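Dear colleague,

Please find below the structure for your records. A short account of its salt bridges and its pocket follows.

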Amino acid sequence: MLIKKILLKKEKSSLVEEKPPFRGLGVLVGPFSQLLTMDKLPLRGALSDEQLEIIPNGGIVQHNGKIVEVGNFELLKQHYPSAEIEFLSDHYVCLPGMIDVHTHICWAGSRFKDYAMRLAGKSYLEIAAAGGGIWDTVTKTREATLNELVTLTVERANTLFKQGITTIEVKSGYGLSVEQELKMLEAIRLANEQTKAELIPTCLAAHILPKDFEGGEKEYLQLIIEELLPIIKEKSLANRVDIFVEKSAFSVSAARSYLLKAREMGFEIVIHGDQFSTGGVTLANEVQALSIDHLEAANDEEIALLAKGNVIPVVLPAASLGLGEPFAPARKLLDVGTSLVIASDWNPGSAPMGDLLASAAILGAAEKLSMVEVWAALTCRAATALNKNDRGILKAGMKADFIIFKTNDYREILYRQGQLKPEKIWKGSPQNFPQEN
Ligand code: NIG
Ligand code: FE
């Protein structure tokens, strides 16, 4: 990093003048009161705030959507004399753009009635019997046109983007037939072209067994494998496959063969598991899923299993808040040495909040997560849950995805529990930057 290079060169002062200035195009953004790079943090285990790399009076040189260098603003100015300067005249803290690795933002309708019934003490079964639950959203989503779904998805992606989320995973799963799942994935693809955020699609055709399917879970999953996944592959509509493993959804044994088959076809596999009952973790470990998401019901044995393996635990505090259920054991997970990623799970049923930073801040307070543990779960560690090693850290070569908050101390952000919003968001993409000719 520049800071270190320059300090070294100060000792050998004759070398300072010798370094040729960089003549290429680029934009230097800064100064930031604090630049949190999120670099050099271990990807697993507990973290303390002292481990954060904080560059005071920092700057970022970016070009063609990538970071060229991060360091001290004044020194970068000297080294990049041809760079255009985007000067910030107030106090700002800069962080990597956040990564939301688990959302269901492609849906139609609203489930406020479910929410009211839950608050009135009604059970899951009573809500389903009154026409609520996932099936209600499936019905409304099937009725929506492709364009309507695109518009709704873009609106929600833009809402997340304004909160500083530059990468958003989006699941299908409210179509639940070959044709309707393709419509959802097509809507996500089109929405990606109309929002500044980057959308990463996941096929969740195995969300629940559709009520109108004549057959059992095995037959339904077989249909998905034979008739849906090949088209998704051929049209490159997604490279991730998810399944909801739960009593009200799919069994461990049906999920096992489904996931193994999906992996054989070249998909990354992830699991919605341990939301209400255990069993998901063992399966995730066995099939080497990339992540297991939810974990509210995970017990100590399962937590120990996660510590031994490579499956990434993704926790979804907004789903606990939406359902009035306990949080996933985030503190215990970190203390036994697993990774920890926090996502919004934004969906019309269990997690209607749609505010990743607020829900992560609340989880941090409830579970006693250090500030760096929360930020790592939203940036560098989140990137690994999408298998994206080009983002989540601010250093040379990474995507120029970064956000600024108007404060001079990063601790102010989580302290404000989501109410301090980013002032500006940079999403590195080549077309947004001047090309060299
Ligand atoms: O992640 N758990 C399963 N699926 C979603 C809920 C979807 C819905 O209720 O519409 C979740 O919480
Ligand atoms: Fe979910």
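**Salt bridges and main pocket**

Glu 74 counts as partly exposed because its relative accessibility is 44%, where buried means under 20% relative accessible area, exposed over 50% and partly exposed in between, with a 1.4 Å probe and protein chains only. The model is predicted, so local features need pLDDT of at least 70 and side-chain atom pairs count only at pLDDT 80 or more, while totals for chains, interfaces and linings use all residues. Residues are numbered from 1 along each chain as its sequence is written, chains are lettered from A and ligands numbered from 1 in the order in which they are written, and side-chain values use heavy atoms, with hydrogens and water left out.

Glu 74 forms a salt bridge with Lys 77 (3.7 Å, N to O); the term denotes a side-chain nitrogen of Lys or Arg within 4 Å of a carboxyl oxygen of Asp or Glu. Both residues lie in helix 3 (residues 73–79), 3 residues apart, about one turn of the helix. Helices (H or I, at least four residues) and strands (E, at least two) are DSSP runs, numbered from the N terminus. Lys 77 is also partly exposed, at 35% relative accessibility.

In helix 6 (residues 134–143), Asp 136 and Lys 140 stand 4 residues apart, about one turn of the helix, and their side chains meet in a salt bridge at 2.7 Å, N to O. Asp 136 counts as buried, at 14%, whereas Lys 140 is partly exposed, at 33%.

A further salt bridge joins Asp 401 and Lys 427 (2.8 Å, N to O). This pair links distant parts of the chain, 26 residues apart: Asp 401 is in the loop between helix 17 (380–385) and strand 14 (402–405), and Lys 427 is in the segment after strand 15 (424–426). Asp 401 is buried at 4% relative accessibility, and Lys 427 is buried at 9%. Both belong to a network of salt bridges that also includes Glu 198, Asp 390, Arg 391 and Lys 399. The count of salt bridges comes to 27.

The largest pocket has a volume of about 530 Å³. Of its 27 lining residues, the closest to its centre are Tyr 124, Gln 275, Phe 276, Leu 323 and Ser 350. On a 1 Å grid over the protein atoms alone, a pocket is an open set of points where a 1.4 Å probe fits, with protein on both sides within 12 Å along at least five of seven lines, and lining residues have an atom within 4 Å of a point. Helix 5 gives the most to the lining, with 3 residues.

Yours sincerely

Methods:
Points joined across faces, edges and corners; volume = space filled by probe spheres on them.
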